[in-house]
Amino acid sequence: MITYVRNNYPDIVSDLVQHLWLALIPVALGALLALPIGYLAVRKGRRLYQPIINVGAILYSIPSLALFLMIPVIIGVGYLSPLNVLIGLTLYSMALLTRTVADALVSVEGEATQAAAAMGYRPIAQLVGVELPMAAPVLFAGLRVATVANISLVSVGALVGAGGLGNLFTGGFQLGFIEPIIVGIVLSMLLAALCDVALVLLQRQLTPWTRTGARA
Amino acid sequence: MSLALLVPPTPMINYFGYLFDGANWTFGGDSSIPDRLLQHIFYTLAALLIGALIALPIGLLIGHTGKGAFIAIGLGNLGRSLPTFGLVLLLVTMFGVYIWPVLLALVVLAIPPVLAQTYAGIRSVDPAAVDAAVGMGMRPLQVLFQAEVPMALPLIISGLRSALLQVTATATIAAYASFGGLGRLLIDGLNRNQYDQVLAGAILVALLAIVLDYLSAAIERAVVSPGVRQRSTRRRTRASTQTPAQEGAVSSR
């Protein structure tokens, strides 16, 4: 195992870096898309809420490989383009986080939002200045789930040309060696744990008030 | 030199050729869609059944006694970050290209969501209701199966549903390791550069997952008592300020 890592150090690092980008860019893009959609679902007539949640749930139930390979037809790129993996994972993150944003915005409705409205906050200023900060714990819980899910999913991309650590899985399988596969699994899980911790620390930095109050 | 030579001929790609070819819809043969579909459903349900037979009793035990909670929570988190593709290829590389190492991987992947959600479901039951059941003279097993399980059912079923989707998805990528099922269409199509076959597989796999999820939602509506259903949704909205209830049910595809 150690010899394997020592001999293939550069390849493993480049796979790891690719893995990280393929997992995190979609979370960021998905969050950017989920904010307006989630806002729409809650604030612009509750009639939109259930349809939006349902579409998200259907999208999220599609297996990753199938999703990756349906995208080329729609956007017209080759089926081995890394774009397919990026877009597929973005769709997953968006589906997951739209639900999170909608639930988060519902959870903060009450005295504080009414007070903000009474103080003269306009809708967008109220969203950015009052509601999103108050909803931070729920939003971060969603971000953590999306990040961990994406990191474990990226490796499927090895079947369609962009797999990060998944390349170690296919490589190991083809050569009949378990070392690369174990190294890939361990690194993928470590990466997920590290990103999870990073998000927890970021949340603590961004929401100092949650530490002073009563904590459940 | 005529202009026609400079413009590369655009090949007519018939994306849906494979899917709508009647020859692929007969039983028997390598390209048979119904065979692959039934194979996929059979393997998926078999793995889910075995996984549930292992995970449900353990989850019930941990939830009921409250002992070993860290196992349920830790396993749930571990299961979410475990790369499914890596686990399948690890077991196949270790034990050889047979069906059973893949089935073993699918069973292993079905366990964490079921166990974690069963535990969470039993723990979420109102202690006052459990006290009332004990006060009525129920024996421990009666308390578990007549009071705790019916009230925990929404969460238990959400664990089973998320395991079902995960196994369906992983059975698809397992085709890379010569596993049967609809994933064969995807992997064989990729190897032969036949995108219409790939697309047929992708559409069928997606539809299968959506239909299975819809059916399990229908089963959930049929078996969960209406009173429990209403209460649990109400509690879920209120509890969502801390952690969304969906968090535990989410697993990677």
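1. Let's start with how chain A is held together. Of its contacts with a separation of 6 or more, 70% join residues 24 or more positions apart. Two residues are in contact if their C-beta atoms, placed from the backbone, lie within 7 Å.

2. A word on what you are looking at: this is a predicted model, in which local features need pLDDT of at least 70, side-chain atom pairs count only at pLDDT 80 or more, and totals for chains, interfaces and linings use all residues. Residues are numbered from 1 along each chain as its sequence is written, while chains are lettered from A and ligands numbered from 1 in the order in which they are written.

3. Chain A has eleven helices and zero strands. Helices (H or I, at least four residues) and strands (E, at least two) are DSSP runs, numbered from the N terminus. The C-alpha atoms of chain A fill a box of roughly 65 × 45 × 25 Å along the principal axes. Of its 216 residues, 44% are buried; that word applies if 20 or more other C-beta atoms lie within 10 Å of a residue's own, with exposed meaning 12 or fewer and partly exposed in between.

4. The expected span is 1.5 Å times one less than the number of residues. Its twelve residues should therefore span 16 Å, and the end C-alpha atoms are 17 Å apart, which agrees. After H4(A) comes Gly76(A), with a positive phi near 70°.

5. H4(A) is also mostly covered, with nine of its twelve residues buried. Among them are Leu65(A), Phe68(A) and Pro72(A). The buried residues of H4(A) pack against helices H5 (82-107) and H8 (136-153) of chain A, and also against H7 (140-173), H8 (183-192) and H9 (195-223) of chain B.

6. Now turn to where the chains meet. The contact takes 44 residues from chain A and 42 from chain B. On the chain B side, H9(B) gives the most, with ten residues. By class, that side has 25 nonpolar, 13 polar and four charged residues. Here Ala, Val, Leu, Ile, Met, Phe, Trp, Tyr, Cys and Pro count as nonpolar, Asp, Glu, Lys and Arg as charged, and the others, Gly among them, as polar.

7. Finally, confidence. The model scores ipTM 0.89 and pTM 0.86. Over residues 234-248 of chain B, however, the pLDDT is below 50.

Terms used:
pLDDT is the predictor's confidence in each residue, from 0 to 100.
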